[in-house]
Each structure stands twice: as structure tokens, then as C-alpha cells.
Amino acid sequence: NEWMLKVHFLFFFPQVLLLACAEDLECVPGFQQKVFYIEQPFEFTEDQPVLNLEFDDCKGNNKLNFEVSNPDFKVERDGSLVAIKNISEAGRALFVHARSEHAEDMAEILIVGANEKRAALKEIFKIEGNLGIPRQKRAILATPILIPENQRPPFPRSVGKVITSEGTEGAKFRLSGKGVDQEPKGIFRINEISGDVSVTRALDREAIASYELEVEVTDISGKTIDGPVRLDISVIDQNDNRPMFKEGPYIGHVMEGSPTGTTVMRMTAFDADDSSTDNALLRYNILRQTPTKPSPNMFYIDPEKGDIVTVVSPVLLDRETMETPKYELVIEAKDMGGLDVGLTDTATATILIDDKNDHAPEFTKKEFQATVKEGVTGVIVNLTVGDRDDPATGAWRAVYTIINGNPGQSFEIHTNPQTNEGMLSVVKPLDYEISAFHTLLIKVENEDPLIPDIAYGPSSTATVQITVEDVNEGPVFHPNPMTVTKEENIPIGSVVLTVNATDPDTLQHQTIRYSVYKDPAGWLEINPTNGTIGTTAVLDRESPYVQNNIYTALFLAIDSGNPPATGTGTLHITLEDVNDNVPSLYPTLAKVCDDAKDLRVVVLGASDKDLHPNTDPFKFELSKQPGPEKLWRITKLNNTHAQVVLLQNLKKANYNIPISVTDSGKPPLTNNTELKLQVCSCKKSKMDCSATDALHISMTLILLSLFSLFCKSFP
């Protein structure tokens, strides 16, 4: 059939059709055909043309130049693609880049095997067995369409054709699917009469790589008479995306002295183009190294994997001899397998040379000197060391140890974190009279262990000679504090204690004088020569200067040095209690309504400043009551409380009730006091205690009380 011959012609000679059509179109700069399919031969023969490429910049092709992705091929001036030498394998695709003064473009040549070509024929013609006789399964033939991305105007541009074997009168082609009547709409359309498929704008493979459309044939009324048949449209990738380094910053570490070939880090870039083509085939390269010493080529990058490795000997990879332990590499990623036509991106790799502990710390001198006054603590000398390792690491930080000369643990040494110096301190005061000189042996090490082939040497130990200076030390009381127990109220002038103080400066013959330093109550004095402490006032246990029965005073012992030195001694006097305080009564005022039904007026309590047994139990008593009738009584509730009860309601007035309370001391002490009782009028829950009536019995009670006291004095 004629249409079958046309299909066969279109499939195997698409360039003829495109070139023929190009004669009828306005000149479009670039390759007149961008995609080619060639069958893989047994061998590409040297200087034998493979195919012809036509490039036209529409302005005479001045200074036209071609570059081929495979260096084993070249393009002649007439557009012939030829092999430079005999080649049996050229890969799956070739890319040809053309550039003139006015235009540039890329063509793609896909190399397919014979089996792939026969499979394509079978898909198109549905050949069964080996007969070669076409058997038509459908009337619609929709062969796959390949469209390069980023095509230039004019649009619409014809990209393929759908054929039907049945010429039904009034039949029309209808195209549907994503890119036609589904978003993104309007990209493709079909001539409903001829079946020509066209694209209306440039395609972007990175946005949509393929389209799955459906073609059907309808009658004049729009009813489907054949189909739908699937139409596949694939977008051919163009190298329109640069590689991108996305994962920065890129920082790698390598230990100094590492063997040649040590992997430092990996640099990988991303290319959005088709990963199955050279458009996304990346190659890596080091453009620049900073600094360039000790070698301008300290590192190498695997062009395919992006692994950065060391290429210098371990001796050159010495952190302590480097200008700086940080190197910066400018890395380039280029697609198209690294060819000049490839697109590029760059990123900076920062490589840090890490320190290892290959240098032992060394003291700056073998012997250090220090002088300290006896009795003083604190830092006395800073020991300096040198270390060539990295100051930010444990390979540099020093650890000091006193290995000899410190039996009494009077010295400690710590590391200054800023300077790495050893701060030698006195932590227990030294005594010149015991030892005037000390010799310490000190070693220094690192926090991190040294590498196996390095050891600490003699320079890692040092001697410290310490001279103790004699000072005039103050006398020392023995014991301190001093304690003594005395009864309060002892006579003035009584001896409390004789203190004893000695001068630590045994090599100096000095005298000691004593004085009072702090005597809060002013009760004491001290003999300046022999240290005897006596009383100048009564010692009162109940004084506010006494805390928990203890009175505290401070005394000084002063030697005869120049200048004199002073020692302080503390004296604690524990005071024993005597019954020298009468009990007190509370409360001293009570109120009651003149018509009260409850005549229990008040509960009285007693307290005593003394200690037991000079306090409770207390004895409560009423003095003799005036008149023939008794008005009140007092009843003991417990050892410290008693209750006053009225025997009858009284008129509104103020009454003074004489009460005596006696403690249990030996001898006992009695306090005679009065309870003031106010009898008030109470109306509507309000108490009126204004004294409207005369205190007709107050004077009587007072006279009776005086009489009672008089009688007790003269039995």
C-alpha cells in the first residue's frame, strides 16, 4: 500500500522529509535537524562519512566551527560526520555543537542496534513470524514522536503525523490528553483532516519529560469510529542546565602525616538534565589551590566520583611546618563528560589539616625559682612550656604533676587555660621555723597521648627551688577557743580563767602582752602580763549578750616584734542559772459583762526568765478579800496557769484584784501584783467599759494588800 511505503520512508529517512519541508519554511538559525538515529555498524571506518549535518545561521555561516562530544569523531566543513580512526564502539549517543558568528546549536545522534531497529519495525507494522506480511490491527497508526526541548520559533511547528487506513468520508482526527485539553493545555494540536501533529511552543524536558496522548477518528457528527490509540511524545533533552553544587559549605578534615591517597571528602554536584545522556555526565576538576605551598598540587579529585584525596607524601603534610593548616580548593563540575562545550559550576572546598600529638611539651628552662613568705597561700610562680602542636587541641594543652618534694601536700599545680602555663601554688601555709627551703620536681604532659613514635624527654621535667621568708607571726592561744563554766552573779573581781599564748617565732626572743579585744557587756578584764581574766561586773545569764547560756569575748596577744604581731583568742563562758528572777503574770487586764452568765473571768499564765528548776510549777494565791462576802477565787489549772472566777455578778466598775505568784526555786521568789478587772455594761453585743461608778473598793484592796505585806514582815 502507498501509505505503508510512506511510513517506512518516514521512519528510516526522516531527514529527507525534514529537509524537504525546510525548503518551504522561513530560515530558522541552527541545525535544520536536531536528532538523528543511526544503526550501530560493525565498525566506524576512518574518514568514512557517517551522516551529513546541516547547520545554517541564515547569515552565511561565517566562522562556523563544530565540536563533537566523542573525540574520535569530527565534522568536516561540509557537515559530514566522520570517524578519525577505526572505532568498534562509540557509545549510545554523540553530541555535536556548532557555533558561528551569529548562532550556535546542538545536534544529538542516537546510535541504535539492529535488534532495536527490528523491534521498532515490529511495533509499527505488527509483523508476525518471519513472513514479512503486515497485519493491520487498527486503522489508526500513531508512531511515537520525539521533540527536542527548547526549540526556537516559529510556532506552531509540525512534529509528526497520524495516519488512518480507512478513508471514511467526513472523518476527522481528534487529539486529547495532558498537553491538549488537560493542563498544561494547548501545547499540542492535530490537523483534523490531515492528521499532522504540531507543537505550539518550546518544551522543557526538566518540567515534563513525556506526554501520553490519545488519537481517535470521529465521523461528521463527532461520534468515535476508530480509536482511541495511544500517541507517545518524548521530549529530547538538550544541555540547558548547568551543574549545581547544592550541599555546601564543603569542609573536610585530614590528619597531618596521613599516607598518600588518603580520602579527605567527596564533592558532588547535581545536573537537572537527562541522567542517561552526556548532558548530565559530570566531570570534576581542581581549578585552584590556596595556598600553593609546600606543593601547588597537595590534592587530587577523582573526575568521576568527586573524591578529594591527598597526593603529597606524609612528610609534606606536616601541620607545624605549613604556612597555614587550612587549604581552599576551587572545584569545577562540568557536564558533557568534561568537554569544552559542557556547562560548569564551581564551589570551594575547605580542607583543614588536623593536628596529631607529634610534639611533646618542653619546659622553657630546666630550673625555676620562687620565693614565698611563711603563712601565705596562693600562686608563687608560673612555669612556662613550649609545644608546637595546635593550641586548640588536647595535643597542646598541658597537664602538670608534682612528682617529688611535696610530702605534706603543701603545693598544688594547675594549668592556665589561656597561656598553658603551670601555676604553682601554696595551699597549706609554710613555716619558716620548720623548713626554709623546698625543692619540687615537676613533669608536664599533654591531655592527649603522644603518637607511638614520640616520647617525653628530659625537657618535659623541671625543678622548682622555693625559698621561704621568715615573717613576724602573731602569738597563738592554746587552746583556741577557750571554754569555762561559771555560775551567774559571782562576785565582782572573781577570776574566770588564765589564758596561755605562745610565739611561733621560736628563733626570736619576744615578750607577749594581753588585752581585751571584744567584751560586749563590759564584764571582763585581763592582766596584760600573765593573762588572768577577771570580772568587773555581775555576770547575768539572762542578759541579751548571752546566747544559749554562753557569753563570748575576744582577747589579743601582742608580741614585741617590729612591727608587733597580734594573735586573737576566743573565750566562751557557759553561765549556770541561779534563781534571781521573780515570775511575771499575764495578762494584767480582764473584762466581763455585769450580767454575764459565765463568771470565769480570765485564765492567768506565769513565766520566769530563769531555767528549770527555778521556774514552774508556779503557786497562785489571792490576797485577803474585803468585806464579809468573797467576790472571786483563783483556781490552779496546771503548773503554769490558773483561772480567776467571779462568785457573783458585780456592778459596773473597775476592780483591782491582788494576786501573788511564786516560783519553785530554792529559795523561792514571789511576785505580788494586781489584775485589773473591768466590769462593763453589755447591750446588743456591745460592751461599755467606761468607769461610771467610783472604784469603791480599790483603795480598800490596796490598804488590805499593804496590811498583808506588813504582817508577813513582822510575824
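Which cysteine forms a disulfide with cysteine 680? The partner is cysteine 689, and the two sulfur atoms lie 1.9 Å apart in this predicted model. The torsion about the S-S bond of cysteine 680 and cysteine 689 is about 105°, so this disulfide is right-handed. Both cysteine 680 and cysteine 689 are buried.

A search of the whole structure finds two disulfides. Cysteine 593 and cysteine 682 also form one, with their sulfur atoms 1.9 Å apart. This pair links distant parts of the chain: cysteine 593 belongs to strand S45 (residues 589-593) and cysteine 682 to strand S51 (residues 670-683), 89 residues apart. The torsion about the S-S bond of cysteine 593 and cysteine 682 is about -90°, so that disulfide is left-handed.

The loop residue is asparagine 579, found between strand S43 (566-576) and strand S44 (584-586). Is asparagine 579 buried or exposed? Its relative accessible area is 15%; because buried means under 20% relative accessible area, asparagine 579 counts as buried.

With the side chain of aspartate 663, the asparagine 579 side chain makes a polar contact at 3.3 Å. The asparagine 579 side chain also reaches a backbone atom, the oxygen of proline 667, at 3.1 Å. Leaving aside residues up to four places away in sequence, asparagine 579 touches Asp608, Asp610 and Asn614, as well as Asp663, Gly665, Lys666, Pro667, Pro668 and Leu669.

Methods. Residues numbered from 1 in each chain as written. Predicted model: local features only at pLDDT ≥ 70, side-chain atom pairs only at ≥ 80, totals over all residues. Heavy atoms only, no water. Disulfide = S-S within 2.5 Å. Helix = DSSP H or I, 4+ residues; strand = E, 2+ residues; numbered from the N terminus. Buried < 20%, exposed > 50% of the residue type's maximum accessible area, 1.4 Å probe, protein only. Polar contact = N/O pair within 3.5 Å; in protein donor to acceptor, adjacent residues only side chain to side chain. Contact = heavy atoms within 4.5 Å.
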